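Biologist: Please take me through this model feature by feature, giving the rule for reading each one before its case here.

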Amino acid sequence: SGRKACEVRFFQTDFAAENFQSKWLNQKNKMAFIQCLYHLRTRWRHREKEIFAGGIHYPTLVTAHHTWPPVSTSGAKLCWLDQLGVHRNSIEPSDCCDQKYGPKGRPDCWDDYFTYDLCCLGDVNLAEMPHYFVAPAFDINVGNAVRQLGTFDLGQSYALQTLCRSGDVVIDVGANVGGFTVPLAERVGPEGEVHAFEPFRKVFQHLNANVA
């Protein structure tokens with residue numbers, strides 16, 4: 001399947017092979033790599049949340065494929081962006097969402113991920129981007145909340161996101177592992193900035209991992 005082929009590609013791709021002169025760096029393979037990244041985060045995303053344990057002296061839990069409850073209120077943005085998630089794609093929202101084609105707009109604009117309800121109505125419950133979080137295993141407060149909810153406090157997170165617009169600059173003081181930092185960064189987008197500060201070294205390291 002397409003998903004399996006992409007997973008195999010990620011296992012096999014070695015950009016450093018032959019002193020960075022191998023076939024993996026030709027244009028065809030680079031574009032295929034980018035397309036796989038896009039599809040595995042959207043149409044072919046994993047549906048089941050998973051938890052992985054690691055670490056020797058500092059036990060750590062990695063939460064993978066978190067999609068519920070939705071972390072970000074900005075999931076619909078991807079409908080109209082290119083595969084890098086930066087520039088506009090060639091799809092015209094006013095045409096796709098026009099109900100002259102029917103109650104769900106223009107049918108050929110949609111698939112099982114990018115739907116009329118997500119892209120035209122903004123229902124992020126339908127297609128949350130999978131999120132990944134790292135947190136100390138014995139953090140029974142913030143780390144526990146992020147593992148369960150994808151953020152420290154869902155209501156506060158949604159409220160903070162409504163205060164921000166694309167291109168805004170946000171300061172997150174006491175960011176901890178990034179429970180608010182991540183959705184705020186998605187909210188302000190590539191044109192915006194989130195400056196997150198965390199004084200505790202080990203927690204700061206987790207924050208760096210989560211905003212990557």
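Biologist: How do the residues of the lining of the largest pocket divide into nonpolar, polar and charged?

Modeller: A caution comes before the reading: this is a predicted model, in which local features need pLDDT of at least 70 and side-chain atom pairs count only at pLDDT 80 or more, while totals for chains, interfaces and linings use all residues. Residues are numbered from 1 along each chain as its sequence is written, and side-chain values use heavy atoms, with hydrogens and water left out. On a 1 Å grid over the protein atoms alone, a pocket is an open set of points with protein on both sides within 12 Å along at least five of seven lines, a cavity is a set where a 1.4 Å probe fits but cannot get out, and lining residues have an atom within 4 Å of a point. For the classes, Ala, Val, Leu, Ile, Met, Phe, Trp, Tyr, Cys and Pro count as nonpolar, Asp, Glu, Lys and Arg as charged, and the others, Gly among them, as polar. Here the lining of the largest pocket has 19 nonpolar, 11 polar and 4 charged residues.

Biologist: What is the volume of the largest pocket, and which elements give two or more residues to its lining?

Modeller: A volume is the space filled by probe spheres set on the grid points, which are joined across faces, edges and corners. For the largest pocket this comes to about 1,100 Å³. Its lining counts 34 residues, and Arg-41, Met-129, His-131, Glu-186 and Ala-212 are the closest to the centre. Elements are DSSP runs numbered from the N terminus, helices being H or I with at least four residues and strands E with at least two. Two or more lining residues come from each of helix H3 (27-41), strand S3 (131-136), helix H8 (181-188) and helix H9 (201-211).

Biologist: Which residues lie nearest the centre of the second largest pocket?

Modeller: They are Arg-43, Cys-79, Ile-91, Cys-109 and Phe-114, out of 16 residues in the lining. This pocket holds about 150 Å³ of space, and its lining consists of 10 nonpolar, 2 polar and 4 charged residues.

Biologist: How many cavities of 30 Å³ or more are there, and which residues line the largest one?

Modeller: The count comes to 1 cavity of 30 Å³ or more, and the volume of the largest cavity is about 30 Å³. Leu-61, Thr-63, Phe-133, Val-134, Ala-135, Gly-143, Val-146 and Arg-147 form its lining, to which S2, S3 and helix H6 (142-149) each supply at least two residues.

Biologist: Which residues have the most contacts inside the largest nonpolar core?

Modeller: In soluble globular proteins, nonpolar side chains tend to be buried together. A nonpolar core is a set of buried Ala, Val, Leu, Ile, Met, Phe, Trp, Tyr and Cys residues joined through side-chain atoms within 4.5 Å, where buried means under 20% relative accessible area, exposed over 50% and partly exposed in between, with a 1.4 Å probe and protein chains only. The largest core has 14 residues, and Cys-79, Trp-80, Trp-110, Phe-114, Leu-118 and Cys-119 have the most contacts inside it. Helix H5 (residues 116-119) gives the most to this core, with 3 residues. Another core lies apart from it, with 7 residues, among them Val-71, Val-146, Val-177 and Val-182.

Biologist: How many disulfides does the structure hold, and what pattern do they follow?

Modeller: A disulfide is a pair of cysteine sulfur atoms within 2.5 Å. The structure holds 4 of them, and with bonded cysteines counted along the chain the pattern is 1-2, 3-7, 4-6, 5-8. In one of these links the sulfur atoms of Cys-79 and Cys-119 are 2.0 Å apart, and the torsion about the S-S bond is about -80°, so this disulfide is left-handed. Because Cys-79 lies in the loop between strand S2 (60-66) and helix H4 (93-96) and Cys-119 in helix H5, the pair ties together parts that are 40 residues apart in sequence. Both Cys-79 and Cys-119 are buried.

Biologist: How far apart are the sulfur atoms of Cys-96 and Cys-109, and is Cys-120 buried or partly exposed?

Modeller: The sulfur atoms of Cys-96 and Cys-109 are 2.1 Å apart, and their link is left-handed too, with -75° about the S-S bond. Cys-120, which is joined to Cys-97 by a disulfide, has 24% relative accessibility and therefore counts as partly exposed.
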